[in-house]
Amino acid sequence: MATIQHQAKPAVAAAPSTTTGGGQRAMDLYEKLEKVGEGTYGKVYRAREKATGRIVALKKTRLPEDDEGVPPTAMREVSLLRMLSQDPHVVRLLDLKQGVNKEGQTILYLVFEYMDTDLKKFIRGHRSNNEKIPAATVKILMYQLCKGVAFVHGRGVLHRDLKPHNLLMDRKTMALKIADLGLSRAITVPVKKYTHEILTLWYRAPEILLGATHYSTPVDIWSVGCIFAELVTNQPLFPGDSELQQLLHIFKLLGTPNEQVWPGVGKLPNWHEYPQWKPTKLSALVPGLDADGYDLLEKLLEYEPAKRIPAKKALEHPYFKDVRKGDAH
Amino acid sequence: MATSELPSESDAFAFPCGDDGTTSPALSPPVVISVLASILERHIALNERAMAAASGLDQSAPGDKDDDDDSDPAAAAARKRARAFDGGTVLDMSLHAFLERFSRYAHVSPQVYVVAYAYLDRLRRGAGVRVVRANAQRLLTTAILVASKFVEDRNYRNSYFAAVGGLAAAELSALELDFLFLMQFRLNVCAGVFRSYCRHLEREVSHGGWYRVDRRLGRPLVCAGEARAQQRQAAAV
């Protein structure tokens, strides 16, 4: 019986502090161990907190003396994580410090809980070993992803860059957490137009590719569907290398949409006549799922955004029946 | 466990000020600017009077601790950040004309003005920073800049905002950081809170400026989830 091993939560979660690092230089508190990657706007290091020995992830962003100031990506990530970090499936922001580097430039340090891998590495590891991810593991990971997305959406936030690289994992516990909210935005304040220059191309929803000026939570659900397929096959489902190629890739596999399957598609700004492909069965595109899995995948990759299954509803889908039994609530 | 009290999906994603992604006609740019200028003028007048009264009391209480008490480094750091907004130039035009510059030259949307106002409200409640003549130029420019960066996906450069606000680019970038730390980076305005601020502005319009926004905003405006999170943090301390 597959169940999710929830880590014991601390009795009282420490609230992230926002200190100036007054007195001690911010970096004097941490020992950098190694660079482990780059986020949307900064380098990421594995580091040790000297006072406690705790291992953390340190995201460093330099604020050069130019005229950009604090990047909106950093501003949004910190403020949205302050609101969302209480969820077990969103990476925890532990601290925020302002420091100065050797050249006298201002540095912002974001201190996160450390997770030892991400879904991209996890999938790649299985691919290079020519082995599939066990079906039970796929289900556990997908359940956690849907829970995290449901929480984020419930707070009125779009992630807008869900992809395997931004989903952190603990190899031992199979815990999965949503990270890198640099391209996220709140959708609680109405604005005239959202940008299209977000979402890594392979996981980008068709309504964005077709130039919709308003989009919402369904764009993240499409990404979840792409990730689901990739977990099953170890290969990205729609690996396009330009916006047009991305769109054609989707249409070739899922069929070219029309007014019947997607009312209003013809009015989207980037719509024009496309070759008329017929849909391929999901079971041929993504071999290895059971009937419930295909049903859920189909609902995640629904063309019409309004019909795409919300994350909260996805959690109730029969595919997750055996995982839900192990869930506390 | 108790059922979730998170805002329902329809609540979270409702457009409280009109369905087309913009504020309602009552809150068009000129109206929002006029209303905010009027409200802020009253706040400044009230705050100046309160400061005058407080300084009067200070003189008659020689035993009071010095303002720069260093017993709490975090509090001292916050005071230093707040003082960054004081001094220097004072506005040489009306608040209305000043606020209008951001709409005209930086194409700031009505929603950004509302969010900037929400930030000033939070600063007052949290860090105790009040708008006064000495800080209005820097505080308003910075609040509008930060609100614009948080709310809009496309923005002008800090140097452009600085020029519109009559500040040096380097000064504005430093103030931006100070503002963010004073706000503790709490920039999100949830749907319900945004709706409430819009309603207050609309009432100001319908009452022709006689409406006393201050009274109705007696209770801090926080959304349910954030309120519970704050309670947990308070319990944790």
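## A tour of chains A and B

The crossing of α5(A) and α8(A) is left-handed (the near helix is turned anticlockwise from the far one by less than a right angle). This is a predicted model, in which local features need pLDDT of at least 70, side-chain atom pairs count only at pLDDT 80 or more, and totals for chains, interfaces and linings use all residues. Residues are numbered from 1 along each chain as its sequence is written, chains are lettered from A and ligands numbered from 1 in the order in which they are written, and side-chain values use heavy atoms, without hydrogens and water.

Select α5(A) and helix α8 (residues 291–300) of chain A: their axes come within 8 Å and cross at roughly 145 degrees. Axes are lines fitted to C-alpha atoms, for helices over the stretch in contact, with angles from 0 to 180 degrees between N-to-C directions. Helices are DSSP runs (H or I, at least four residues), numbered from the N terminus.

Next, select A:N234, in the loop between α5 (218–233) and α6 (243–254) of chain A. Its phi is near 70 degrees, a positive value in a residue other than glycine. Most residues other than glycine have a negative phi. Is A:N234 buried or exposed? A:N234 is buried, with a relative accessible area of 4% (buried is under 20%, exposed over 50%, partly exposed in between; 1.4 Å probe, protein chains only).

Move to B:H107, in the loop between α4 and α5 (110–126) of chain B. B:H107 also has a positive phi, about 50 degrees, but counts as exposed at 56% relative accessibility.

Last, select B:Y105 in helix α4 (residues 95–106) of chain B. B:Y105 counts as partly exposed, at 34% relative accessibility.

How values were computed
Helices (H or I, at least four residues) and strands (E, at least two) are DSSP runs, numbered from the N terminus.
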